[in-house]
Amino acid sequence: MAGLRSFDAFPKTDETHVKKSSNGGLSSIFTYLFLLFIAWTEFGSYFGGYVDEHYEVDDQLRETFQINMDLYVKTPCQYLDINVRDTTMDRKFVSKELNLEDMPFFIPYGSRVNDMNEIVTPDLDNVLSNAIPAQFREKIDTNNMFDEEERDAFNSCHIFGSVQVNRVAGELQITAKGHGYSSFMRAPPEEIDFSHVINELSYGEFYPYIDNPLDSTAKFVPDAPRTTFVYDTAIVPTIYEKLGAKIDTNQYAVSEYHINPEAQQGKGPIRFPGIFLRYDFEPLSIHISDVRLSFIQFVVRLVAILSFVIYTASWAFRLIDLVLLTCLGPRWSLLYQSDSKSQGILDKDPSSK
Amino acid sequence: MFKRSTLRTFDAFSKTEEDVRIRTRTGGIIALLCCLVTIFLLISEWLNFNQVVNRPELVVDKDRQLKLELEADITFPSMPCDMLSLDIMDSAGEIQLDLLESGFTKTRLDQNGQSLGSSSLKVSDESYDPKDENYCGACYGAKDQSRNNEVPKEERVCCQTCNDVRRAYLEANWAFFDGKNIEQCEREGYVDRVNEQLNEGCRVQGSALLNRIQGTLHFAPGVAFQNPKGHFHDLSLYEKTHNLNFNHIINHLSFGKPVTSNARGRGASVATAPLDGRQAFPDRDTHMHQFSYFTKIVPTRYEYMDKMVVETAQFSATLHDRPLHGGADQDHPTTLHTKGGFPGLFVYFEMSPLKVINREQHAQTWSGFILNCITSIGGVLAVGTVLDKITYKAQKSIWGKKSV
């Protein structure tokens, strides 16, 4: 026993040796208040609070919005051409604003190949804890970092960055040079392979940790490298709000299809191989906010609930005691035990000490 | 039946004899504080109860065959009223041309933006005084008049007024300019008035009805005309006059029924008009420039506490502008603007299938209010009891029993 005692990590002090000060009392009151405040932030929404969801029409006039993307495309960068066309009929040369780096093609572990992600609607807390804004890194000139032999294996392109585009329905087109838009060069057909990995695709401010439907999915088509991939997305602006933190972002619904233009030749309109990302906006935005009691009301309600619990407990105690008393006789009474010093906290009268 | 003594054990509210109760000064202070806090909480509960909140609800819009009202009030500081025309075209193929001639008032503005009265200038047929019954105005080659001498008087091809000549020119796809050297127009004074007004601006106010489908409305210079190739405007005079442009101030633009003054100021006018107050005066030359607004209209119903219902619409908007000659400009170095089109102010509209119903409601129900009041009182009393016990114990341990 004595050996075991030395393991006690919680040495106790006798009540008589504890020195109490009024300053210490004040600071502990503040500590309790602080603890209560933390309790309010942590589970304040359970006391009379709820997650409010409403829809509003965006009253701000916005000219542009941002597309964030991080893709691997199995075609060397020099053959790729990226444009945005929208209902204004303007053509935006996105290749000049995104970063394109040559790299050897690989599919990162955990990517879903030729498959869609499971549909997850993240809850408010999840979104807020993941909403860490970030920016894409600058482009690095990889040419000097690798020697000639290694660079021969660079058969694909890493496309990443954020672009501002008109906030109207449109299409982002990743095509091969000379296939689609006219260009000074025509990409050799055997170099074109639109197998790709989407690491990140999101709209609005860039929050890399928020999951989007297309994040970490891959399309790998060794049989038909010159395929047309179309992603049709409908964007719903969403605002998350909790305890003063406000995240203005966009959710999107996606439907995806792909066509092999070579197999479809002669049937229907001419299609070009590439990756086409269509987008359109919903005029309504979803506003998800956490509504809760004020801190004072929370404290009052917490104490009210605790006192209610204590009253019910004392009542239940009396009831059990009565049952024991009537069924088993006075010897079993919990309330009137002559030999016990303590009568339990519920019946302890502070004035009797 | 229980005996009296048995029943007594059920008493949850055990009483203490008056003699053994101890009353302290601090207890009194805490009780008073409790009262104050309770009153404060009750007042805040009452305010909360009286608060009216807007509960939006989303439904699929099931209204059919309804027209949507458009209300516009736009100022064009360098666009004379006479040249301005408003057309509405929608995807059903309905075209409403020259709406400014009906349902809109055009106010002429001088160069400082001061009103010159709303006397709109029209190329009217009335100014033609048929003194000479055999008069047959020349169409200046826009129409074939060579057979006029061979046919009876009723079948002759004539251009009696300035307007007739203008129509004939439009049909022939000829540039009309300001009508100079055309006898009919000189006689009606049209040429002088047009040239007089070229430095003026125009404010357009009014309303029109739209089909509830996708469409475009545009303000453009010159008379609109429709031919198998599409929709065109007579740009001849605009292209000749380089000081004209479509810089504009949108004083008001809204869709749906106007929100009545009774309802306004109660949240109803919120978000119904995001374009209001927008001023578009780019630094560059905007003579050949197109301004576009893309709007998505969401039908909205407001239901007020006093049973009043307002059916209207809200819209979200985005904007775009481009020079007609296309190509890249300074603001958008990586964008190649499309080429073509005509100068003007375009509003593209699109209907949402969803409808928002904003319902005014009390934030709380009566039962919720009473429950909240009771919890507040109970909670404050419980906090008070705990505080009192703590202070009593503290005082006792610090000063001893006597000093209390």
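**Entry 1: H2 against H7 in chain B.** In this predicted model I looked up which residues of H2(B) touch H7(B), and on the H2(B) side I noted Thr26(B), Gly27(B), Ile30(B), Cys34(B), Val37(B), Thr38(B), Leu41(B), Leu42(B), Glu45(B), Trp46(B) and Phe49(B). Their partners in H7(B) include Trp366(B), Phe369(B), Cys373(B), Ile377(B), Val380(B), Leu387(B), Asp388(B) and Gln395(B). By class, I recorded 13 nonpolar, eight polar and two charged residues in the contact of H2(B) with H7(B).

**Entry 2: geometry of that pair.** I then read off the axes of H2(B), residues 25-50, and H7(B), residues 366-399, which lie 9 Å apart at an angle of about 160°. The crossing of H2(B) with H7(B) is right-handed.

**Entry 3: H7(B) against chain A.** I next turned to H5(A), residues 295-328, whose axis comes within 7 Å of that of H7(B) and crosses it at roughly 80°; the two helices are therefore roughly perpendicular to each other. On the H5(A) side I found Val300(A), Arg301(A), Val303(A), Ala304(A) and Ser307(A), which meet H7(B) residues including Asn372(B), Ser376(B), Gly379(B) and Val383(B). This contact of H5(A) with H7(B) divides into six nonpolar, six polar and one charged residue.

Entry 4: I counted one salt bridge between the chains, formed by Asp280(A) and Lys296(B), with their closest N and O atoms 2.9 Å apart.

How values were computed: Residues are numbered from 1 along each chain as its sequence is written. Chains are lettered from A and ligands numbered from 1 in the order in which they are written. This is a predicted model: local features need pLDDT of at least 70, side-chain atom pairs count only at pLDDT 80 or more; totals for chains, interfaces and linings use all residues. Side-chain values use heavy atoms; hydrogens and water are left out. Axes are lines fitted to C-alpha atoms, for helices over the stretch in contact, and angles run from 0 to 180 degrees between N-to-C directions. Helices (H or I, at least four residues) and strands (E, at least two) are DSSP runs, numbered from the N terminus. A crossing is left-handed if the near helix is turned anticlockwise from the far one by less than a right angle, and right-handed if clockwise. Contact means heavy atoms within 4.5 Å. Ala, Val, Leu, Ile, Met, Phe, Trp, Tyr, Cys and Pro count as nonpolar, Asp, Glu, Lys and Arg as charged, and the others, Gly among them, as polar. A salt bridge is a side-chain nitrogen of Lys or Arg within 4 Å of a carboxyl oxygen of Asp or Glu. Angles under 35 degrees count as roughly parallel, over 145 as roughly antiparallel, 65 to 115 as roughly perpendicular and the rest as oblique.
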